[in-house]
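Biologist: Could you take me through this model and set each label against its cut-off as we go?

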Amino acid sequence: MFQILVVEDDKNTSRLMKAVLMHAGYEVFCADNGIDALELMDKQHIDLIILDIMMPKMDGYEFTKQLRNVNDNTPILMVTAKQLSEDKCKGFLAGTDDYMVKPVNEDEMLLRIKALLRRAKIVNEHKLHIGKVTLDYDALTVSKDGESQTLPQKEFYLLYKLLSYPDRIFTRIQLMDEIWGMESETVDTTVNVHINRLRKRFEGYSEFDIIAIRGIGYKAVKNCD
């Protein structure tokens with residue numbers, strides 16, 4: 001069972017979030033300020049944090065900075081009444097992973113939590129599972145039915161990126177910046193070449209497809225749970 005920490009000084013909001021999360025099957029802990037939350041995390045494993053910004057003793061921005069400064073990468077979803085774009089930017093610069101403005105849609109919040117937990121699991125394990133296929137980030141391998149193949153680094157990173165966010169469209173420029181780096185002099189047609197190699201390499205795999213979105217870029221589609 002995943003364990004979620006709600007850091008919120010409004011007791012009614014805290015109680016409501018706790019009830020929603022417990023109903024969804026999570027174990028829930030609560031703190032009403034950043035200092036108490038840090039103390040709780042010293043004693044209790046937490047998989048994800050739902051965080052208000054405006055709180056006594058230590059606000060959400062400072063709490064997030066302190067966690068990130070000690071390389072604690074626990075996913076953080078900021079849920080706050082502050083809705084200006086500069087507030088959101090400040091939150092992301094501090095190190096939050098996602099941001100929602102109150103009043104929140106409970107179903108949307110649960111979907112975002114599920115996505116954040118899934119990504120955190122991928123990062124922590126450095127492995128991605130799609131049906132019978134396993135991508136091992138550290139070994140640069142793709143395995144299925146006991147057979148494994150090692151990919152060239154750029155090909156593997158490209159495939160891993162697309163499959164980590166199924167159905168999300170990435171432009172060629174985004175993929176270039178992510179895989180080759182912003183300072184690279186490689187042209188964006190290189191992405192096309194690598195995509196074609198991946199398609200040929202995995203044309204017999206039914207678990208996923210790499211789809212070209214005309215004039216935009218590419219996305220991966222999973223054909224299994």
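Biologist: Which residues does T141 touch, leaving out those up to four places away in sequence?

Modeller: T141 touches T134, L135, D136, S148, Q149, T150 and F156 on that count, where contact means heavy atoms within 4.5 Å. This is a predicted model, in which local features need pLDDT of at least 70 and side-chain atom pairs count only at pLDDT 80 or more, while totals for chains, interfaces and linings use all residues. Residues are numbered from 1 along each chain as its sequence is written, and side-chain values use heavy atoms, with hydrogens and water left out.

Biologist: Why is T141 called buried?

Modeller: Buried means under 20% relative accessible area, exposed over 50%, and partly exposed in between (1.4 Å probe, protein chains only); T141 has 12%, so T141 is buried.

Biologist: How many disulfides does the structure hold?

Modeller: It holds zero disulfides, a disulfide being a pair of cysteine sulfur atoms within 2.5 Å.

Biologist: What makes a set of residues a nonpolar core?

Modeller: The set must consist of buried Ala, Val, Leu, Ile, Met, Phe, Trp, Tyr and Cys residues joined through side-chain atoms within 4.5 Å. The largest such core has 27 residues, and L135, V142, L159, L163 and F202 have the most contacts inside it.

Biologist: Which residues does L159 touch, on the count that leaves out residues up to four places away in sequence?

Modeller: L159 touches L135, V142, L151, L198, F202, F208 and I210. A second, separate core of 20 residues includes I46, I53, M58 and Y61.
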